[in-house]
Amino acid sequence: MTFRSTSLNNKSDGGFILRWSVLYIAVIICSFLSLGVGRISIPSGTLVSIFLSKLNLAVSDWDPALETVALNVRLPRVVLAVLVGGALSVSGVSYQTLFKNPMVSPAILGVSAGAGFGAALAMINSASWWQIQMLAFISGLIAVLGAYLIAWIFGRQELTALVLAGVIVSSLFGALLSILKLLADTDSALPSIVFWLMGSLSRGSNRDVFIMLPALSVSLGILFLFRYQINALSAGEDVAATLGVNVRLIKSLVILAATLMTVVSVTICGIVGWVGLVVPHLCRLIVGASYPRLLAVSFGVGGLCLLLIDDLVRGLPTAELPLGVLTSLVGAPIFVFLLSRVRKGWL
Amino acid sequence: MLAVENLSFGYTALRKILKGITFNIRQGEVLALLGPNGTGKTTLMRCLLGLLKPDGGRTDLFGRDILKLSAKERSRMIAYAPQSSSMTFPYDVLEVVMMGRLPHLGFGSSPSRKDRFEAEKALEIMRIGHLASNLFQSLSGGEKQLVVIARALAQKARLMVLDEPMANLDFYNQARSLKILRSLARQGHTVLWTTHSPDQALLVADRLVMIKDGQVYADGRPEDVITGESLSELYGLNAVVTETSVISAGKPVKICVPIID
C-alpha cells in the first residue's frame, strides 16, 4: 500500500548531501551558461575568457559589446532569476508546512494582490521605476498586515482564519486593481500595468540584487534557525506546542520571513505565479516532507526552475513572452505530472 | 509529582466543562482517567499540557506552576500522545518519531546520532521498527497510534500523557501497549492515560480517577473504585463487576459487564 518512489527518494544523510551538492553545482553551471542565452548568443568559451580576463588571466580578443551584454545586462538578470525563484519556492515551502496545506502559495496572504495594486497606482501617476517598486513593496506589506488584522479580529488562533483573511484581502485588492485598470490611460499606463502583472526580469539591475540579498539573508537565516520547530508544526499546533515549540512566535516568524522574501521578489519582477506552488511539491518528491531538507533544496530547485524559464523567455525567437505566462505554461503540466506521481498518497 | 488543585475551565463563562478538579499523581504511578464521552477528560488533559489556560485553580508539576514553565521546559517534563494524528505531507515514520527529540535539540542545531538512536529505540519498544521508512499517512489507524506513542517515548519525559492510546489498536497491540504502560512505570515514568475500558484500567492501572460532569466522581485503587454501583452510576446503566479465577498481571482478573436487557 505504501507509495515510495525509491528511485528518487534517498533518505540517508550521505545521499542527501551528495544530491544537495549536485543541485547547487548545477545551479552555478546553469547560471554561467545562461549568460550566453539571448538575442545575441555568446559561446561558453567566450564567457570563460571574459571571466578570466577580469582576473587578468586572458587577453581580450572579442567584441567589447559581448562583455557588456554578458556582465552588465545578463549577469544581474541571471542572478535575480536564481534569487527570486529560490525566494518564492522557500516561501511556498514554508507557508505550506505552516498551514499544513498543499494548495497554499506565497501569494496566500495577499502580497501579490497588494503589490499589484501599489504598482498600478504608481504607474497611473506616471511614477518612476523606483517609485513603482517602492509603492508595490509598501502596499504588498499593507495587504499582509490587513490579512493579519482581519484574522486577529476573527479572534481565533486558527491558521484557517488567516488563510481566509488572505483570500478576502486578495480579492479586495484585486477589485481595486480592476478600478485602476479602468481608469488607466489605454496607451501608456494600461499596457505597462498589464505587463507588470505578468512578471518580467527584463528590468533587473545590480541595484535589485543588492535589495534582494539582505532581505533574503535575513529571511533564510530565520527559517534555518527555526527549521525543526517549523517542521514540528506540520504535525499540528497542539503537538508542536507539547514538543516545546512556541507556536505563536514561530508562526509569526515564518509569516514575516516568507512575506519579506515574496514582497521583495514581487517588487523586483512583478507577479510570477506557480513557482512557489509547484516547486515545493517537486522537492517533496525528491527529499520527502521534512522541512529542514525541503528548505535546503527548495531554494536551489526554485532558482534553477526560474533561471531555465527565463532562459526560454530570452532564447525564444519570438518577442519576449512575459515570465509569469511561461511559468504557468510550464508549471501547469509539471503539476499534473506531480499529481499523477503522488496519487492519493497524501493530497 | 503532578498536583491538580481545584481546576476549572469553560470555553464560555456560562458553561463550565471542568468544575473544580482536584487530584494528584505520584511518581511511578499509572493513573487511568475514566469517564463518559464529553465529561471533560480531553479538556482536562489539554489544561495539564498547557494547551488551554484554566479559568481557576492551579497545576503543579514537580512543585512548579505549569503555566509558568516555558513550552520547552514543559516538553521535557511531559510527553503527549494525542488520540488521533494526521500528517498532510509525506513524512516517513522515523521522521515523525524524530520530532519527539525536538525538546532536546540545541538552538539552531540538527538532531545528532544519539537522537536518531533514541527514535529507533522507541520504534523498537513499540515493535514497529519495520515501519520506520514507511509513509506515516499510509499506515492504518492503529499503526499511526503506535507511532505517536513512540514519538512520546522518544521525548523521554518523566510524565507521559496518553489520550485513549488503545482506541484503534487490535487485541495484540492493546495487550502490548498495556504492558508498555506498566514497564514505563517500573522505569520511573509516570503515566496518565484516558480510557473507556474499565477492564484495562483494572488490569494495569495503580490509580483510577473517574470524571463525571467535570468533577472527580471517584479516586482510588481501581479494584476499590470500580464496582457495579460506581459504573452504573457513572454511565447511567446497569453494570456488574465480577472477579474471575484467571490470573493476569499478577492478580485475579475482574471483568466489567453491562447488563443488556
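Author: Six strands of chain B form an open sheet, in the order S6-S7-S8-S3-S9-S10, with mixed pairing. This is a predicted model: local features need pLDDT of at least 70, side-chain atom pairs count only at pLDDT 80 or more, and totals for chains, interfaces and linings use all residues. Residues are numbered from 1 along each chain as its sequence is written, while chains are lettered from A and ligands numbered from 1 in the order in which they are written.

Reader: Why are strands S6 and S10 of chain B said to stand at the edges?

Author: Strand S6 (78-81) and strand S10 (215-220) of chain B each have a single partner strand, so one side of each is left without a neighbour in the sheet. Strands here are DSSP runs of E with at least two residues, helices are runs of H or I with at least four, and both are numbered from the N terminus. Two strands pair if DSSP finds at least two bridges between them. On average, neighbouring strands of this sheet are turned by 20° against each other, direction ignored.

Reader: What makes S3 and S9 of chain B a pair?

Author: Four bridges join S3(B) (residues 30-34) to S9(B) (residues 207-212). The definition asks for at least two bridges, so they pair. The two strands run parallel. Leu31(B) stands opposite Arg207(B) in S9(B).

Reader: How do you know which strands helix H6 of chain B packs on?

Author: By contact: two residues are in contact if their C-beta atoms, placed from the backbone, lie within 7 Å. H6(B) (residues 171-186) touches S3, strand S7 (159-162) and strand S8 (190-195) of chain B. The direction of H6(B) makes about 155° with that of S8(B). Axes are lines fitted to C-alpha atoms, for helices over the stretch in contact, and angles run from 0 to 180 degrees between N-to-C directions.

Reader: What makes helix H5 of chain B mostly covered?

Author: Eleven of its 14 residues are buried. A residue is buried if 20 or more other C-beta atoms lie within 10 Å of its own, exposed if 12 or fewer, and partly exposed in between, with C-beta atoms placed from the backbone. Among the buried residues of H5(B) are Leu146(B), Val147(B) and Ile149(B). The buried residues of H5(B) pack against S6, helix H3 (93-98), helix H4 (113-125), S7 and H6 of chain B. Just after H5(B), Lys156(B) takes a positive phi of about 55°.

Reader: Why is strand S11 of chain B said to lie largely in the open?

Author: Of the ten residues of S11(B) (residues 239-248), the number buried is one, so the strand lies largely in the open. S11(B) pairs with strand S12 (residues 251-258) of chain B over seven bridges, in the antiparallel sense. Val240(B) stands opposite Val257(B) in S12(B). The hairpin of these strands has two residues between them, and Ala249(B) takes a positive phi near 50°.

Reader: Why does Val275(A) count as buried?

Author: Val275(A) has 32 C-beta neighbours inside 10 Å, so it counts as buried. Val275(A) is found in helix H12 (residues 275-287) of chain A. Val275(A) and Gly85(A) are 190 residues apart in sequence, yet 6.8 Å apart in space, C-alpha to C-alpha. Val275(A) also touches other residues, including Leu88(A), Cys305(A) and Thr327(A).

Reader: How do you know that the span of helix H5 of chain A agrees with expectation?

Author: The expected span is 1.5 Å times one less than the number of residues. For the 26 residues of H5(A) (residues 129-154) that gives 38 Å, and the end C-alpha atoms are 38 Å apart, so the two agree. Its buried residues pack against H4, helix H6 (159-183) and H11 of chain A. Just after H5(A), Gly155(A) takes a positive phi of about 75°.

Reader: Why is the crossing of H4(A) and H11(A) called right-handed?

Author: A crossing is right-handed if the near helix is turned clockwise from the far one by less than a right angle, and left-handed if anticlockwise. The crossing of H4(A) and H11(A) is right-handed. The axes of H4(A) (residues 111-124) and H11(A) (residues 247-269) come within 10 Å and cross at roughly 35°.

Methods. Lists of a residue's contacts leave out its neighbours within four places in sequence.
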